[in-house]
Amino acid sequence: DTDKRFLPPVKEAFIAFAGPLINLVMCAILYACGKTDAATINLALAVFNLLPVTMLDGGHIISAFFPDSRLHRKLSLACAFILLAVGAAVGIYTRENFTIVIVALYLLIGVISEK
């Protein structure tokens, strides 16, 4: 079996949560300093990174506790498609910002190209 784990699931999930946690801490610090735009960006990064998509920290947290790759793949695909739909709606509404669509396509390609 080539899918051996080197860390217990709780430690693996804790390590994966460290990045979003730092974003949340930075969000609080920046908000306290009156830098609301930078705080909002850090909050958005934390939420985005916690999405249960394979390549993101949220995906690593999910896979630490639920190593069934079929379930995780379906969850990742569903999340990427939802993000794609939200991105399309934002792009159509703003008529100029298609960044979410590009990111969703990147995540979708990553999920599809996995074994």
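**Helix packing in a predicted model**

Which residues of α1 and α2 meet? On the α1 side they are Pro-20, Asn-23, Leu-24, Met-26, Cys-27, Leu-30 and Tyr-31. On the α2 side they are Thr-36, Ala-38, Ala-39, Asn-42, Leu-43, Leu-45, Ala-46 and Asn-49. Sorted by class, the contact of α1 with α2 has 11 nonpolar residues, 4 polar residues and no charged ones.

The protein chain has 5 helices and 0 strands, and from the N terminus on its elements run α-α-α-α-α. Along the principal axes, the C-alpha atoms fill a box of roughly 50 × 35 × 15 Å. Of the 115 residues in the protein chain, 29% are buried. The chain exposes about 8,000 Å², and carbon and sulfur atoms supply 72% of that area. Among the contacts in the chain with a separation of 6 or more, 49% are between residues 24 or more positions apart.

In general, two packed helices are described by the angle between their axes and the distance between the axes. Helix α1, residues 9–32, packs against helix α3, residues 57–65, at an angle of about 170°, and the two axes are 8 Å apart. Helices α1 and α3 are therefore roughly antiparallel to each other.

In this contact, α1 contributes Pro-9, Val-10, Glu-12, Ala-13, Ala-16, Phe-17, Gly-19 and Pro-20. Helix α3 contributes Asp-57, His-60, Ile-61, Ala-64 and Phe-65. By class, the contact of α1 with α3 has 9 nonpolar, 2 polar and 2 charged residues.

The next pair is α4 and α5. How far apart are the axes of α4 and α5, and at what angle do these helices pack? Their axes are 8 Å apart, and the angle is about 160°. That makes α4 roughly antiparallel to α5. Helix α4 passes α5 in a left-handed crossing.

From α4, the residues in this contact are Arg-73, Ser-76, Leu-77, Ala-80, Phe-81, Leu-83, Leu-84, Gly-87, Ala-88 and Val-90. They meet Ile-100, Val-101, Ala-104, Leu-105, Leu-107, Leu-108, Val-111 and Ile-112 in α5. The contact of α4 with α5 divides into 15 nonpolar, 2 polar and 1 charged residues.

Arg-95 lies in the loop between α4, residues 69–94, and α5, residues 99–113. Its phi is near 60°, a positive value in a residue other than glycine. Is Arg-95 buried or exposed? The relative accessible area of Arg-95 is 73%, so this residue is exposed, the cut-off being over 50%.

Leu-56 sits in another loop, the one between α2 and α3. With a relative accessibility of 9%, Leu-56 counts as buried. Not counting residues up to four places away in sequence, Leu-56 touches Phe-48, Asn-49, Leu-51 and Leu-107.

Finally, Val-103 is found in helix α5. Val-103 counts as partly exposed, at 30% relative accessibility. From C-alpha to C-alpha, Val-103 and Ala-28 are 26 Å apart in space, and they are 75 residues apart in sequence.

Thank you for your attention.

How values were computed. Residues numbered from 1 in each chain as written. Predicted model: local features only at pLDDT ≥ 70, side-chain atom pairs only at ≥ 80, totals over all residues. Heavy atoms only, no water. Axes fitted to C-alpha atoms, helices over the stretch in contact; angles between N-to-C directions. Helix = DSSP H or I, 4+ residues; strand = E, 2+ residues; numbered from the N terminus. Parallel < 35°, antiparallel > 145°, perpendicular 65-115°, else oblique. Contact = heavy atoms within 4.5 Å. Nonpolar A, V, L, I, M, F, W, Y, C, P; charged D, E, K, R; others polar. Buried < 20%, exposed > 50% of the residue type's maximum accessible area, 1.4 Å probe, protein only. Areas by Shrake-Rupley, 256 points an atom, 1.4 Å probe, with all protein chains shown as cover. Left-handed = near helix turned anticlockwise from the far one by under 90°.
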